[in-house]
Amino acid sequence: MEAKTLGQRIRELRLEKNLSLRQLAMKVGKSAPFISDVELGHRFPSPGVLQAIATELEVDASDLRRYDFRESLSTLKHLSQTNPRWGVAFRTTAEQIEKGLTPEELVSRLTDADPEQETP
């Protein structure tokens with residue numbers, strides 16, 4: 001499954017419903033540029049606006065929230081700031097990504113690891 005952003009998911013659903021940016025914007029009480037910014041990932045809707053978008057696109061708001069990764073990023077930032085070992089782990093991961101590690105390979109490494117095995 002290809003990972004999508006919140007904006008990409010909203011655009012995908014909007015196009016499936018044959019709605020223009022202006023039509024969706026009018027239905028949720030926002031401007032077309034706002035909806036465009038959401039779809040491009042430049043802005044994020046409030047919970048109320050997200051609910052309105054979900055209603056117009058005939059999906060549950062929880063479906064859309066699955067594509068909002070901001071909370072995960074905030075958690076990673078907090079962990080790296082409060083525990084130096086997490087910072088080292090994230091930096092090491094970033095270095096591996098720069099060398100070509102794919103998201104699928106990372107997930108595979110993490111899920112295939114033996115939880116009983118001691119780490120250095």
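This note goes through a few helices of the structure and the residues that line them.

1. Basis. The model is predicted, so local features need pLDDT of at least 70 and side-chain atom pairs count only at pLDDT 80 or more, while totals for chains, interfaces and linings use all residues. Residues are numbered from 1 along each chain as its sequence is written, and side-chain values use heavy atoms, with hydrogens and water left out.

2. Helix α1. Arg11 lies in helix α1, residues 6-16 (helices are DSSP runs of H or I, at least four residues, numbered from the N terminus). Arg11 is partly exposed, at a relative accessible area of 44% (buried means under 20%, exposed over 50%, partly exposed in between, with a 1.4 Å probe and protein chains only). From Arg11 to Leu21 there are 10 residues in sequence and 8.7 Å in space, C-alpha to C-alpha.

3. Helix α2. In α2, residues 21-28, the buried residues are Leu24, Ala25 and Val28. They line one face of the helix, because they fall within an arc of 100° seen down its axis (the arc is that of the directions from the helix axis to the C-beta atoms). Arg22 and Met26, on the other side of α2, are exposed. The buried residues pack against α1, α3 (32-40) and α4 (47-57) (contact means heavy atoms within 4.5 Å). Just after α2, Gly29 has a positive phi of about 75°.

4. Helix α4. Val49, Leu50, Ile53, Ala54 and Leu57 are buried in α4. Down the axis of α4 these fall within an arc of 140°, so they line one face of the helix. Their packing partners are α1, α2, α3 and α5 (61-65).

Definitions and conventions. Helix = DSSP H or I, 4+ residues; strand = E, 2+ residues; numbered from the N terminus.
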